[in-house]
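Please examine the structure below with attention to its charged side chains. The explanation that follows moves from one pairing to the next.

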Amino acid sequence: MKYVHEVFEKDTLGAVVGEGIGEQEMQLRTISINLKEQIDVLLRDLKKMNNDPKAKRNIEMIERFLIDMKGFV
């Protein structure tokens with residue numbers, strides 16, 4: 001059994017949840033770590049492509065989106 005405060009990382013919660021939640025939490029952490037790494041790779045590649053003045057505006061928009069997405073994850 002896992003306590004909700006372990007899942008949500010808040011000491012004020014104390015309800016008990018099933019073990020399946022712990023597995024799902026681990027999977028979500030793994031997915032979020034992988035997603036952050038992929039976003040970093042995309043951002044590096046986009047910065048390399050930023051030399052084209054025609055594409056610069058679109059690249060900057062994509063970069064802002066990826067940075068926001070990384071903060072969300």
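Which residue does the side chain of Asp 40 meet in a salt bridge? In this predicted model, the partner is Lys 70, with an N to O distance of 2.4 Å. The two residues belong to distant parts of the chain, Asp 40 to helix α2 and Lys 70 to helix α3, 30 residues apart. Asp 40 is partly exposed because its relative accessibility is 27%, and Lys 70 is likewise partly exposed, at 30%.

The whole structure contains three salt bridges. Another of them joins Glu 63 to Lys 47, whose closest N and O atoms lie 3.8 Å apart. This pair also links distant parts of the chain, with Glu 63 in helix α3 and Lys 47 in helix α2, 16 residues apart. Glu 63 is buried, with a relative accessible area of 9%, whereas Lys 47 counts as exposed at 56%. Along α3, the buried residues are Ile 59, Glu 63 and Leu 66. Helix α3 comprises 20 residues (53–72), so at 1.5 Å a residue it should span 28 Å; the 29 Å between its end C-alpha atoms agrees.

An α-helix has 3.6 residues a turn, so residues three or four places apart point the same way. The side chains of Arg 29 and Glu 25 meet at 3.4 Å, N to O. Arg 29 is partly exposed at 38%, while Glu 25 is buried at 10%. The backbone oxygen of Arg 29 is in turn reached by the side chain of Ser 32 at 2.9 Å. Ser 32 is also found in helix α2 (residues 19–49) and counts as buried because its relative accessibility, 18%, is under 20%.

Conventions: Residues are numbered from 1 along each chain as its sequence is written. This is a predicted model: local features need pLDDT of at least 70, side-chain atom pairs count only at pLDDT 80 or more; totals for chains, interfaces and linings use all residues. Side-chain values use heavy atoms; hydrogens and water are left out. Helices (H or I, at least four residues) and strands (E, at least two) are DSSP runs, numbered from the N terminus. Buried means under 20% relative accessible area, exposed over 50%, partly exposed in between (1.4 Å probe, protein chains only). A polar contact is a pair of N or O atoms within 3.5 Å; within protein, one must be able to donate a hydrogen and the other to accept it, and residues adjacent in sequence count only if both atoms are side-chain atoms. The expected span of a helix is 1.5 Å times one less than its number of residues. A salt bridge is a side-chain nitrogen of Lys or Arg within 4 Å of a carboxyl oxygen of Asp or Glu.
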